[in-house]
Each structure stands twice: as structure tokens, then as C-alpha cells.
Amino acid sequence: MQFKFACKRKRCSFKNVNFTPLPSCQDGERYKGRYTGLSVEIVDPEQAKSLYDNGCFGKGSKSRGGPASGDEDETLLLGMEESCFLAHYLNVLDITNSAGCFMDFHMFVEVAKEQNDTFVENLASYVYLKSKNWVIKSGIKFGGDFLIYKQSPRLYHASFLVIVQKPGDSDHYQSKNLKGVQRVAETSDKDVLLLTVQQPKNISCPRNLQEATVTETIVRRFNYLTFVQSKQQ
């Protein structure tokens with residue numbers, strides 16, 4: 001049986017809009033972000049809009065999706081993985097700390113690891129999923145690490161709830177935990193994608209992440225009636 005995942009389109013007014021997958025800085029201008037202790041904040045409204053419109057990066061500080069509240073003080077909040085991706089893999093973002101000092105790759109990773117001890121695995125998963133042209137959002141409200149979308153959350157519902165784990169981490173493979181996560185995902189028409197990441201021995205520079213290995217496991221409950229109906233069509 002060939003596996004097919006859902007790409008359920010939303011009913012919206014954006015059907016004829018073309019979304020670019022990645023941001024680009026014109027005339028050498030770079031995006032400016034400030035590390036707040038939890039995320040990276042884009043204060044400039046034009047840059048915030050540009051980042052969300054070109055790749056759907058971040059979330060509005062007062063909005064459900066992009067910065068759309070209309071308030072002058074609304075900012076764009078970037079997750080740690082997408083901030084690192086923009087700054088050190090696309091090389092379009094400069095990140096400073098609260099003191100205004102530039103944060104290089106090593107400094108940013110160390111700070112992120114203090115916040116989340118699985119940051120390196122999450123970052124490897126983020127870069128891996130981006131290489132497959134997925135739009136990636138936080139999956140915390142569904143009990144996972146990421147939600148991944150085709151093209152844009154404005155156009156499609158999420159196809160997968162992504163869980164990231166280390167090779168020796170069997171928590172999500174325990175039947176009671178996996179069944180619970182799978183049921184949460186299934187109620188919103190998603191499948192569960194487990195990414196098992198073997199991180200590199202050294203992560204002193206962005207290139208080291210190429211040594212990481214990512215293994216996919218798709219979790220889906222087998223429905224015999226659905227399978228028979230699909231075979232009859």
C-alpha cells in the first residue's frame with residue numbers, strides 16, 4: 001500500500017496568492033533581531049511583514065498568525081530553531097542580545113541549549129524539514145515539537161505533527177504515549193512523524209550539522225475500511 005499524507009486546503013481568500021518559500025534581503029540589507037530570553041524579536045514592522053510573507057517565519061506578538069493586529073507595537077517572534085536557520089544557514093538575520101552585542105553561532109547555540117537541552121536535535125530536524133520545502137511551526141499545542149505545512153498555514157492545514165527524539169530516547173515509542181499523541185494528531189487530521197536524530201560530535205560551526213543523521217518514522221493507525229474503500233475506487 002502506498003503511503004499518502006494529507007494536504008488539506010483551507011477555505012480562504014489567499015487561493016491566488018503566490019508565497020515565496022524563503023526571505024531575501026534587497027540591496028544587502030539584513031534583518032535585525034533581538035534575543036529576549038525565550039525567542040528572537042523582530043521589531044521593525046516592515047521586516048516583520050517581509051519575514052512572514054516570505055516563508056511564513058515567526059508569529060505576531062498579538063496575532064494568531066503573522067503580525068496582523070494593526071497595533072504599532074506588535075512585533076514578530078521567531079522560534080530558536082528558525083532564528084538560527086535564518087541567521088547562520090540563510091545568512092539573512094543578525095541577532096543581538098539584551099546588551100546589544102552580536103550573537104555568533106556558538107554563542108547562540110549555547111544559549112539555546114540552556115533553554116532546551118534537545119536544541120541541537122531540533123535544529124537538525126528543522127534544517128532537514130526545510131530541505132524538503134516544508135513550512136515549520138511550533139507543535140507545542142498538540143504535544144509535539146513542530147507542525148509542518150505545505151506552502152503556507154494560510155493555504156493549508158498542517159500535514160504532520162513532528163516529534164524529535166534521540167536514538168536512545170524510547171519515551172514516545174511506549175505504546176501508551178504514542179497512542180495518545182497519535183490520537184491528538186488524528187482528531188485534527190494529521191499524521192505523526194517521528195524524527196530520530198543522531199547529533200554530530202561537535203557543533204562549533206553551522207557546517208558541523210551536516211554530520212547529523214535523521215531517521216523518519218511515520219505513525220498512522222491502520223483503518224481497514226478506509227483501505228478497502230480506497231482500493232475499490
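The lining of the largest pocket is made up of 19 nonpolar, 13 polar and 14 charged residues; here Ala, Val, Leu, Ile, Met, Phe, Trp, Tyr, Cys and Pro count as nonpolar, Asp, Glu, Lys and Arg as charged, and the others, Gly among them, as polar. The model is predicted, so local features need pLDDT of at least 70 and side-chain atom pairs count only at pLDDT 80 or more, while totals for chains, interfaces and linings use all residues. Residues are numbered from 1 along each chain as its sequence is written, and side-chain values use heavy atoms, with hydrogens and water left out.

The volume of this largest pocket is about 1,400 Å³. Among its 46 lining residues, Gly58, Lys59, Arg64, Lys137 and Ser138 are the closest to its centre. A pocket is found on a 1 Å grid over the protein atoms alone, as an open set of points where a 1.4 Å probe fits, with protein on both sides within 12 Å along at least five of seven lines; lining residues have an atom within 4 Å of a point. Grid points are joined across faces, edges and corners, and the volume is the space filled by probe spheres set on the points. Two or more lining residues come from each of helix 1 (45–53), strand 4 (76–78), helix 2 (80–88), helix 3 (105–115), helix 4 (119–130), strand 6 (134–138) and strand 7 (146–150). Helices (H or I, at least four residues) and strands (E, at least two) are DSSP runs, numbered from the N terminus. The pocket lies between domain 1 (24–116) and domain 2 (117–233), because both give residues to its lining; the domain bounds come from an automatic or database domain assignment.

Helix 1 is one of these lining elements. At its start, a side-chain oxygen of Asp44 comes to within 3.0 Å of the backbone nitrogen of Glu46. Within helix 1, Gln47, Ala48, Ser50, Leu51 and Tyr52 are buried, that is, under 20% relative accessible area, with exposed meaning over 50% and partly exposed in between (1.4 Å probe, protein chains only). These buried residues pack against strand 1 (31–35), strand 2 (40–42), strand 4, helix 2 and strand 6. After helix 1 comes Gly55, with a positive phi near 115°.

Thr75 sits in the loop between strand 3 (59–60) and strand 4. Its relative accessibility is 7%, so Thr75 counts as buried. The side chains of Thr75 and Glu41 are joined by a polar contact of 2.9 Å, a polar contact being a pair of N or O atoms within 3.5 Å; within protein, one must be able to donate a hydrogen and the other to accept it, and residues adjacent in sequence count only if both atoms are side-chain atoms.

A polar contact of 3.5 Å links its side chain to that of Glu81. Beyond neighbours within four places in sequence, Asn122 is in contact (heavy atoms within 4.5 Å) with residues including Asp145 and Val164. Asp145 lies in the loop between strand 6 and strand 7 and, at 25% relative accessibility, counts as partly exposed. Lys137 and Ser138 are among the contacts of Asp145.

Lys201, in the loop between strand 9 (191–198) and strand 10 (213–219), is exposed, with a relative accessible area of 91%.
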